[in-house]
Amino acid sequence: MSVNSKIIACNWKSYLGVGESISLAKALAVHSKKHKMRQRIIVAPSCIALYKVGQLLRGTQILLCAQNVNVESNGAYTGAMSFDSLRETGCKYVILGHSEVRSGKSLGIAETDRIIADKLRTCLKEGINPILCIGETLSEKEAGLTMKVLRRQLITDLGALHDMDSNKIDLMIAYEPVWAISSNGPSKSPDPAEINDIIIKLKKLLSSEFGHKIAPDVKFLYGGSVDNLNISGYLGQSSVDGVLIGGMSTNKSKIIGVLGK
Ligand code: PEP
């Protein structure tokens, strides 16, 4: 995969209000219509901005993503985001297992691997493509537990893949070391070569656990303090299929600056 055709996924978290999301989506839509971008660009606005942003991105090559979804498809689930409404927005992807969701920082309740696995199963059934985030905390890294944690998350969260007979799964896994995420303290960007090595190990693990039918189609992203200065270091790694960007993706001039022209 050439650097120019890699994936750039943008997680706007709750940084932007509806008006700000609309304004950024309009700028991205204008850019996308003017320039034939070869990268796959994915944007995840907050759920309240999803519908309007989806309308603005229609007819562009930018794909829409939700930041989370309910375990069940539709029904009596107060406060939940249903799959039918997601589809109405034009949403193609959903982020699952973000560290802010796993820790309980985002929703007030920590999502376990079991819940994430159930959501992933429903996504595959409903045809919404998951972007599964995995990553170790600083204390886990310091205790030498990185691969053990990643293995547990990967194997549990992807349990539904054992029942899949199709090899046409548009699944992405974002390796996001929790300690590297910009909102968790002073920005720490890991060495791109180290990220490449971990992703190589994850690809091997995926292949040994879920077989050669599924593994080659899965794309691996890196996320954590990616900015306009270090992005090419990550995208230049052979095993890194793309990046998931938080904070920087909400800065109009910086994000447009890194998109292909
Ligand atoms: C994230 O939280 O998914 C993320 C990658 O954030 P940031 O780019 O701000 O570190």
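In this predicted model, Glu176 places a polar side-chain atom 2.8 Å from an oxygen atom of the ligand, a polar contact in the sense used here (a pair of N or O atoms within 3.5 Å). Taken alone, the ligand exposes 290 Å², and 99% of that is buried by the protein; accessible areas come from the Shrake-Rupley method with a 1.4 Å probe. Polar side-chain atoms of two further residues also face ligand oxygens: that of Lys13 lies 2.5 Å from an oxygen atom, and that of His98 lies 2.8 Å from one.

Turning to the fold, eight strands close into a barrel in the order 1-2-3-4-5-6-7-8, with parallel pairing. Strands are DSSP runs of E with at least two residues, and helices are runs of H or I with at least four; two strands pair if DSSP finds at least two bridges between them. Strand 7 (residues 219–223) and strand 8 (residues 242–245) run parallel and are joined by three bridges, and Leu221 stands opposite Gly242 in strand 8.

Residues are numbered from 1 along each chain as its sequence is written. Local features need pLDDT of at least 70 and side-chain atom pairs pLDDT 80 or more, while totals for chains, interfaces and linings use all residues; side-chain values use heavy atoms, leaving out hydrogens and water.

Technical notes. A polar contact is a pair of N or O atoms within 3.5 Å; within protein, one must be able to donate a hydrogen and the other to accept it, and residues adjacent in sequence count only if both atoms are side-chain atoms.
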